[in-house]
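Here are some notes for a colleague who has not looked at this structure before. Please read them with the model open.

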Amino acid sequence: MANNLLKGKNGIIFGALDENSIAWKVAERCHEEGAGVLLSNAPVALRMGKVNDLAQKLGTEVIPADATVMEDLQALFDKAAEKYGKIDFILHSIGMSPNVRKGKEYTGLNHEWYLKTLDISAGSFHKMMQLAYQMDLMNEWGSILGLSYIAAQRSFPKYNDMADAKALLESIARSFGYHFGKKSKVRVNTISQSPTPTTAGTGVKGFDAMLEYGEKTSPLGNASADECADFCVVMFSDLTRKITMQNLFHDGGFSSMGISMELLEGLAGE
Ligand SMILES: NC(=O)c1ccc[n+]([C@@H]2O[C@H](COP(=O)([O-])OP(=O)(O)OC[C@H]3O[C@@H](n4cnc5c(N)ncnc54)[C@H](O)[C@@H]3O)[C@@H](O)[C@H]2O)c1
């Protein structure tokens with residue numbers, strides 16, 4: 001259902017790996033709504049994932065960039081400036097923890113990897129905003145989004161050091177949101193999404209159980225990647241111009257629940 005909500009707007013979408021990726025769905029939806037989209041992902045993801053197929057489908061290109069490397073981001077943003085002049089939106093849909101990947105528990109982290117988790121999953125958000133700010137790359141009333149998870153605010157033991165990265169990500173959105181708002185009326189928010197079956201999601205131990213727990217707890221059920229893409233489109237559109245420095249839960253009501261009747265009755269053996 002396209003409404004031309006993003007007609008005349010252009011943006012950069014980081015993090016589409018394959019068709020399950022949240023960023024993949026967002027790129028498709030933005031394109032459907034009339035936006036110009038430049039795709040980016042880490043060089044390794046370009047070799048292993050399918051993002052080139054997406055670029056072909058959307059009639060655009062993929063510019064490789066490790067989002068932790070300023071020079072890579074600079075080359076990407078130069079390309080975006082050359083293609084579009086100024087841009088209207090950025091999606092940061094990037095997450096990776098070497099500790100999660102290599103099976104280290106939160107109580108036995110490798111602290112070098114911990115810094116990498118923070119840099120890849122949160123520091124990169126600051127890096128791209130700092131560069132866009134300094135280059136004056138964003139149009140007035142532009143919109144920048146990062147994707148978060150409720151483990152930033154509540155304890156979910158298996159989410160490991162990604163919880164700390166998400167807490168930092170949400171804080172960066174608040175801190176940079178002030179400066180970007182003052183400079184050029186650009187809004188910065190994070191969307192705290194339900195568990196979603198993607199490469200990054202399913203890499204977290206006990207993912208299937210979390211998916212089921214979310215489904216049984218949230219009165220509206222878990223939010224899908226497609227539904228997240230719809231929400232991102234609205235947040236990039238002119239319909240949300242005064243929403244900034246927020247962490248917005250997109251989780252079917254999960255974050256406001258204690259326990260649902262379904263889980264209670266299950267535990268009580270009823
Ligand atoms: N899947 C979930 O359950 C869930 C829930 C809430 C939030 N999120 C967040 O959504 C975002 C997207 O994840 P997803 O679930 O679509 O999984 P995904 O695996 O499809 O996407 C993660 C992306 O991060 C990219 N990436 C990793 N290191 C990078 C680097 N150094 N530079 C540039 N890109 C890099 C990967 O190549 C990949 O494309 C992440 O921030 C994730 O934490 C996911």
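1. Axes are lines fitted to C-alpha atoms, for helices over the stretch in contact, and angles run from 0 to 180 degrees between N-to-C directions. Helices (H or I, at least four residues) and strands (E, at least two) are DSSP runs, numbered from the N terminus. The model is predicted: local features need pLDDT of at least 70, side-chain atom pairs count only at pLDDT 80 or more, and totals for chains, interfaces and linings use all residues. Residue numbers start from 1 along each chain as its sequence is written.

2. Helices α6 (residues 111-135) and α7 (residues 162-184) pack with their axes 8 Å apart, at an angle of about 10 degrees. The two are therefore roughly parallel to each other (angles under 35 degrees count as such). The residues of this contact divide into 12 nonpolar, 4 polar and 2 charged. Here Ala, Val, Leu, Ile, Met, Phe, Trp, Tyr, Cys and Pro count as nonpolar, Asp, Glu, Lys and Arg as charged, and the others, Gly among them, as polar.

3. The ligand is surrounded by 27 residues, the closest being Ser21, Gly95, Thr198, Ala200 and Gly201 (C-beta atom, placed from the backbone, within 6 Å of the ligand). α8 gives the largest share of this shell, 3 residues. By type, the shell divides into 14 nonpolar, 12 polar and 1 charged.

4. Gly108 lies in the loop between α5 (98-101) and α6. Gly108 counts as exposed because it has 8 C-beta neighbours inside 10 Å (exposed means 12 or fewer, with C-beta atoms placed from the backbone). From Phe77, Gly108 is 31 residues apart in sequence and 38 Å apart in space, C-alpha to C-alpha.

Note on methods
Angles under 35 degrees count as roughly parallel, over 145 as roughly antiparallel, 65 to 115 as roughly perpendicular and the rest as oblique. A residue is buried if 20 or more other C-beta atoms lie within 10 Å of its own, exposed if 12 or fewer, and partly exposed in between; C-beta atoms are placed from the backbone.
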